[in-house]
Amino acid sequence: MNAVEKLIDGQLMKKGDFLEILADFGDERTMERLTREAVRVRKKHYGIKVFTRGLIEFTNYCKNNCYYCGIRGGNPHAVRYRLTKEEILECCEEGWRLGFRTFVLQGGEDPFYTDERMLEIIREIKGQYPDCALTLSVGEKSRESYRLFRESGADRYLLRHETADEAHYGKLHPQTMSLKHRKQCLYDLKSLGYQVGAGMMVGSPGQTMETLAEDLLFLQELKPHMVGIGPFIPHHDTCFAKEPAGSVEQTLHLLSVIRLLLPRVLLPATTALGTLDPFGREKGLAAGANVVMPNLSPVRNRKDYELYDNKICTGEESAQCRECLESRIAAVGYEMVSERGDFLNWK
């Protein structure tokens, strides 16, 4: 049995199996088979539903200096902002009115938002919207911090591992950061009862088929509930400014592989896909994705949350963004729903 058949059959994969599949990415028939099977599995578990997450980018301050990121702490040209608790709650109110039942608080690793401040925000959101899911994406914290956030009402946590290869991780991050610690954070989050999201950039500088195979091995081991992948897009104020962007096609193929590897996973069609391809998010859904993340952040701040260049939807009102997405999703045969969109059979 070849590697593609093993993947479709749900068997345990080895690194060599993933390398074999990655080597087949240029084969049109193989890719069509993977995509077809990924869509079948996605519809088996989730039907044609597309879950929405209302994204609130509440701070672009960050103490880290990741080499690929536009809001890295060492970028003197970034226009910094922080949202107040009241402004965050206004975003939630707008999201609730528009039918969002998951809010995602995403930001840089900003020391201003101490555990005490975060706990206050979490409790306020969950107190006002108890039927909504709250996702945090605020980076590496201590296990104790994660525990406090969870006990105060946070349901999910997004923490992309970025790459599961130690040497590659070192090319993308300063020495103050480590892959070992990032992985430990993910295991801590899972043990504390979060729905956990990992993920990586596709086509990041230094990435090879070997490193991508390591990513897939790690996802198989971790078994996250969510996986966020998108093509690498350079930012003009980083050392990777002149590096080429990642491939949309390769990202789509990997979405199909991940859907087959983790059949019940919550898999976003990311903004980065839509940035590189006008129909990128629709193509992501057609490759096995089942989540979109419209922006609820105040329009005045959206351009300043610039992880990479030319990010889409920075000038649209939340209602416009949702209405546009809803019609585009319907046009490709899926249905945007107003549900929490939990991991299947989550308890």
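Predicted model: local features only at pLDDT ≥ 70, side-chain atom pairs only at ≥ 80, totals over all residues.
Student: How do the strands of a sheet pair in general?

Tutor: Pairing runs through backbone hydrogen bonds, and the strands lie either parallel or antiparallel. In this model an open sheet of six strands has parallel pairing, in the order β2-β3-β4-β5-β6-β8.

Student: Which strands stand at the edges?

Tutor: β2 (54-59) and β8 (226-227) do. Each has a single partner strand, so one side of each is left without a neighbour in the sheet.

Student: How many bridges join β3 and β4?

Tutor: Five bridges, in the parallel sense, link β3 (residues 102-107) to β4 (residues 133-137). As a case to locate, V104 has T135 in β4 as its bridge partner.

Student: What is the volume of the largest pocket, and which residues are closest to its centre?

Tutor: The volume is about 220 Å³. Of 17 lining residues, L7, G10, L260, L261 and P263 are the closest to the centre.

Student: Which helix gives the most to that lining?

Tutor: α3 does, with four residues. At least two residues each come from α1 (3-9), α3 (28-46) and α10 (248-261). By class, the lining of the largest pocket holds nine nonpolar, four polar and four charged residues.

Student: How many cavities of 30 Å³ or more does the structure hold?

Tutor: Two. The second largest cavity has a volume of about 50 Å³.

Student: Which residues line the second largest cavity?

Tutor: The lining consists of F58, T59, G108, E109, D110, Y113, M118, V138 and K141. Four of these are nonpolar, two polar and three charged.

How values were computed:
Residues numbered from 1 in each chain as written. Heavy atoms only, no water. 1 Å grid on protein atoms, 1.4 Å probe; cavity = no way out; pocket = protein on both sides within 12 Å on 5 of 7 lines; lining within 4 Å. Points joined across faces, edges and corners; volume = space filled by probe spheres on them. Nonpolar A, V, L, I, M, F, W, Y, C, P; charged D, E, K, R; others polar. Pairing = 2+ DSSP bridges.
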